[in-house]
There are 2 protein chains.
Amino acid sequence: MTYQEQYANYLAQLEDTLKAVCDEQLPVDSKVGQAARYSLLAGGKRIRAILTMACCELLQGDLQAATRFACAVEMVHCFSLIHDDLPCMDDDDYRRGKPSCHKAYDEATALLAGDALLNAAFEVIATTSTSDTAKLGAIRALSQGTGLQGMIYGQELDMAFEHGLPTEEDLRKIHRNKTGALINASVQMGLCAGNASEQDKRILQEFAYGIGLVFQIVDDVLDVTSTSEELGKPVGSDAENGKVTFATLYQPEQAMEMARQLNNQICTVLHQAYGQRADFLIQLAELLLSRKH
Amino acid sequence: MTYQEQYANYLAQLEDTLKAVCDEQLPVDSKVGQAARYSLLAGGKRIRAILTMACCELLQGDLQAATRFACAVEMVHCFSLIHDDLPCMDDDDYRRGKPSCHKAYDEATALLAGDALLNAAFEVIATTSTSDTAKLGAIRALSQGTGLQGMIYGQELDMAFEHGLPTEEDLRKIHRNKTGALINASVQMGLCAGNASEQDKRILQEFAYGIGLVFQIVDDVLDVTSTSEELGKPVGSDAENGKVTFATLYQPEQAMEMARQLNNQICTVLHQAYGQRADFLIQLAELLLSRKH
C-alpha cells in the first residue's frame, strides 16, 4: 500500500468513527450538540488522529481502539479551537474558511460546545472496548497533554507573550506546550492501544515533540513566504501584528534549515528503532516539512 | 459519632485532599492555575463531595479513593460555576460573596481555569490508587453527569427558557439535568469506590435525583420567603427577573409541602434498604430540607 492509500484509509476509518461517536455523545436535539458537531465534522488534516492510529499500527496494536482514542484527541483539539476563537481569547470570526463556532451559533453555545467536547473525549475513551490498562493509560495521556502541564498552559503562555517579545527559548516553551503536548498525547494514546514498552514511549515522545516543532516552524515560514492563494488564509498576519515567530527571529531560509535538520534527526532515530515499519510516520513527517499550505 | 461530627470529619478530609490535588494539578506558577485554586478553595457546603464520601461508606468501601473522586466532582462543579458566571452566560460579578473568577482575574484566564478544572478532574480519578474498574466506573459516571445528557444540557435548557415560560414539566427537566445529573454522578462515584451492586446503584440514583429536586425547590422558596440577611445574598431576584420557579408556580407553603413529601419518600426507601447505615444520608437530606440559607 502506498503512503497516500494508507493515509486515505486512516482518514476514512476516522471520519466513520467520528460520526458514530457524535451519535453517541452529541445529541442533535441539543443546540450545543449541533454546534459541537458543526466544528468537529469540519474536516482538517486530522494529523493528531493519524498519529494515534499510525503509532498503534507501528506496534501492531488494536487499531479499532486506537481509532476511538483518535476521535477523543480530535475532540480535544476541536474544543481548544472553539475556545481559542472566542472574543475573550483570539476573537477569530473564521476557522477553515467557515464562520467560527460562536459566529455560526452564539458565544454561550460555543462555550458550552467546547466544554461538551472536552468532557465527551474522556467518555469516548472510557467506553472503548479494549483493556482497562489501555483506556486508563489513554485517559492519563490525554489529560496530561491537555491541562496545565500541556496545551492549556501553552495557551496561557501565548497570551502572556502577546504584547511582549519572546526569546527563542520562550517560543520553544510556548510551542512545546501549546501544540507539542497534545501531539505527544496523540502518539502516547496510540502506544496505549499498542501495548508499548517504556522504550517505545520514550523514542516516540522525542518524535512527537520534534514533529510538533517542525510543524510550527514551517507554519511560521509559510506565513511570510506564501501568497494567500497558496495558503487559503490571509498571510503576513504574524508580522503585521508584531508577533515574534521563528520566521521573524530568523531568515525564512535559516528557519527552514533548522526544521530540516530537526526532521532528519527524528526520522533517523525512528528508522533505526523500527526499520521499514516506521516508513509511514517518516513520510508523514517529510510531507509536513515540505508542505505549501 | 454524631451527624455533625461525621460531617466535619468528611469536610476536613476533603479539604486536605483538595489541597493535595491542587498541588498535583494546578501549578502556582501559572496564572490560570492560581485562578482555578481561587475558585476551587473558596469553600461552600461541598454537598456533592459529602454525598460521594457518605455513599462509599454506606457500602463500607474505600474512603480514600472516594475522597479523591469527591475532589473530582467538586472540580467539575467549580468549572461549571466559573463558566456560568462569564459575561456571555449569566454575567455574575460575585460568587459566595467574593468577586467571581473573571472579575478577580480576567475573562480569558477564567475561561481557561474552568477548562483546566474539568480536564484535571479526570486526571485525578485516573491517578487514584484503587481498582481499574472503580476508576473507569467513576470516569464514566462523571462524564455522563457532566455532558450533554446531564449538566451541560441543563445549562442549555436554562438559557433557552430564560425568556420563555417553562411549565412545571420543563422546570423538572431543567433541574434534573442542570443539578440532578451531577448530584447523581457524585452518588454513583461513591458507589464505584464501594463496589456497589446494580440494585444499590438503582436505589441511590432515585435518592440522588430526589435530593437534588428537594434542594432546588427549597432554594426557590427561600428566594421569596427569606430576608437577604438570612440568605447572605440578595433575595427576590428570581421574581424580579420574571423567572418561573417552583415558588412562583406554586404558593411557597405548597412548594414546601411537595418538597417534604418527596423527601419522606426517598428517605423511607433508603431506610428500608440500609437501616441505620443510612442515618447519615437521611439526616443530610432532612437538613437540606429545613435549611434557612
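Predicted model: local features only at pLDDT ≥ 70, side-chain atom pairs only at ≥ 80, totals over all residues.
Trainee: Okay, give me one. What does Lys135(A) pair with?
Mentor: Lys135(A) forms a salt bridge with Asp132(A), and their closest N and O atoms sit 3.8 Å apart.

Trainee: And where do Lys135(A) and Asp132(A) lie?
Mentor: Both are in helix H7 of chain A, which covers residues 132–146. They are three residues apart, about one turn of the helix.

Trainee: Which elements of chain B touch chain A, then?
Mentor: The ones giving two or more residues to that side are H1 (3–25), H2 (31–40), H4 (63–85), H6 (107–126), H7 and H8 (151–160), all helices of chain B. H6(B) gives the most, with eleven residues.

Trainee: How much area do chain B and chain A bury between them?
Mentor: About 3,600 Å², with 68% of it on carbon and sulfur atoms. On the chain B side, Asn119(B), Leu136(B) and Leu148(B) lose the most area to chain A, together 17% of what that side buries. As for contacts, 43 residues of chain B touch 43 residues of chain A.

Trainee: Switching to helix packing: how do H6(A) and H7(B) cross?
Mentor: Two packed helices are described by the angle between their axes and the distance between the axes. Here the axes of H6 (residues 107–126) of chain A and H7 (residues 132–146) of chain B come within 9 Å and cross at roughly 140°.

Trainee: Is that crossing left-handed or right-handed?
Mentor: H6(A) passes H7(B) in a left-handed crossing.

Trainee: Which residues meet there?
Mentor: From H6(A), you have Asn119(A), Phe122(A), Glu123(A) and Ala126(A). In H7(B) they meet Leu136(B), Ile139(B), Arg140(B), Leu142(B), Ser143(B), Gln144(B) and Thr146(B).

Trainee: And how do the residues of that contact divide?
Mentor: Between H6(A) and H7(B), they come out as five nonpolar, four polar and two charged.

Conventions:
Residues numbered from 1 in each chain as written. Chains lettered and ligands numbered in written order. Heavy atoms only, no water. Axes fitted to C-alpha atoms, helices over the stretch in contact; angles between N-to-C directions. Helix = DSSP H or I, 4+ residues; strand = E, 2+ residues; numbered from the N terminus. Left-handed = near helix turned anticlockwise from the far one by under 90°. Contact = heavy atoms within 4.5 Å. Nonpolar A, V, L, I, M, F, W, Y, C, P; charged D, E, K, R; others polar. Buried area = accessible area lost by both parts, 1.4 Å probe. Salt bridge = Lys/Arg side-chain N within 4 Å of Asp/Glu carboxyl O.
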